[in-house]
Amino acid sequence: NNTIPNRYKICYKPSLGSSKKKAAIADVAAHAVTNHINSLPAGTLIAFTDGSAKPNPGPAGAGAIIVKNTSCPDSPFSHVASYTAAVGNASNNTGELFAAGMVLEHCKLVGYKGDLHIYTDSKISYGALNNGWRAGKANSAILYAVRELSHSIRHFCKIHYHWIPGH
């Protein structure tokens with residue numbers, strides 16, 4: 001008698017490809033992101049966001065780190081802020097959107113003027129914030145709040161969303 005819930009069982013998917021191929025793809029993606037970041041002018045804010053829920057949905061969290069691009073070759077970035085939040089019982093997409101909202105809230109609070117580049121590994125968050133996609137009924141409230149926040153700072157802060165491969 002198997003009493004382990006399906007969500008905790010290991011699933012084997014032979015079509016995932018080899019780990020060598022995945023590592024090579026991750027290396028190419030990391031190189032592309034690094035080149036893009038290095039091409040940004042000094043003073044640009046760069047944020048990396050992530051959200052998680054385990055199980056999904058379940059206890060969820062969000063995190064973001066914000067750095068400023070400097071012109072110093074010895075230290076190309078300076079730490080600006082780091083944020084984490086326990087979101088509650090939600091989906092990973094809620095956590096991803098919440099993380100982007102924390103970055104936008106930071107820029108609003110400090111009155112940041114300039115370009116802001118937000119990197120996310122969530123295709124749903126990227127599409128919802130950059131292309132106007134929906135993010136599911138459960139995420140409509142957080143998506144609305146993040147969009148409102150984005151609109152409230154758009155006159156002095158140019159926001160650029162970027163999707164990057166996840167871990």
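A: A nonpolar core is a set of buried Ala, Val, Leu, Ile, Met, Phe, Trp, Tyr and Cys residues joined through side-chain atoms within 4.5 Å; buried means under 20% relative accessible area with a 1.4 Å probe, protein chains only. The model is predicted, so local features need pLDDT of at least 70, side-chain atom pairs count only at pLDDT 80 or more, and totals for chains, interfaces and linings use all residues. Residues are numbered from 1 along each chain as its sequence is written, and side-chain values use heavy atoms, without hydrogens and water.

Q: Which residues touch the most other members of the largest nonpolar core?

A: They are Val103, Leu104, Leu116, Ile118, Leu129 and Ile159, in a core of 27 residues.

Q: Which element gives the most to this core?

A: Helix 2 does, with seven residues. Helices (H or I, at least four residues) and strands (E, at least two) are DSSP runs, numbered from the N terminus.

Q: What does Leu104 touch?

A: Not counting residues up to four places away in sequence, the contacts of Leu104 (heavy atoms within 4.5 Å) include Leu116, Ile118, Val146 and Tyr161.

Q: New topic: in what order do the strands of the sheet run?

A: The five strands form an open sheet in the order 3-2-1-4-5, with mixed pairing. Strands 3 (77-90) and 5 (157-163) are at the edges with a single partner strand each, so one side of each has no neighbour in the sheet.

Q: How do strand 4 and strand 5 pair?

A: Strand 4 (residues 114-120) and strand 5 are parallel, over seven bridges; pairing requires at least two bridges found by DSSP. Gly114 has Cys157 as its bridge partner in strand 5.

How values were computed:
Buried < 20%, exposed > 50% of the residue type's maximum accessible area, 1.4 Å probe, protein only.
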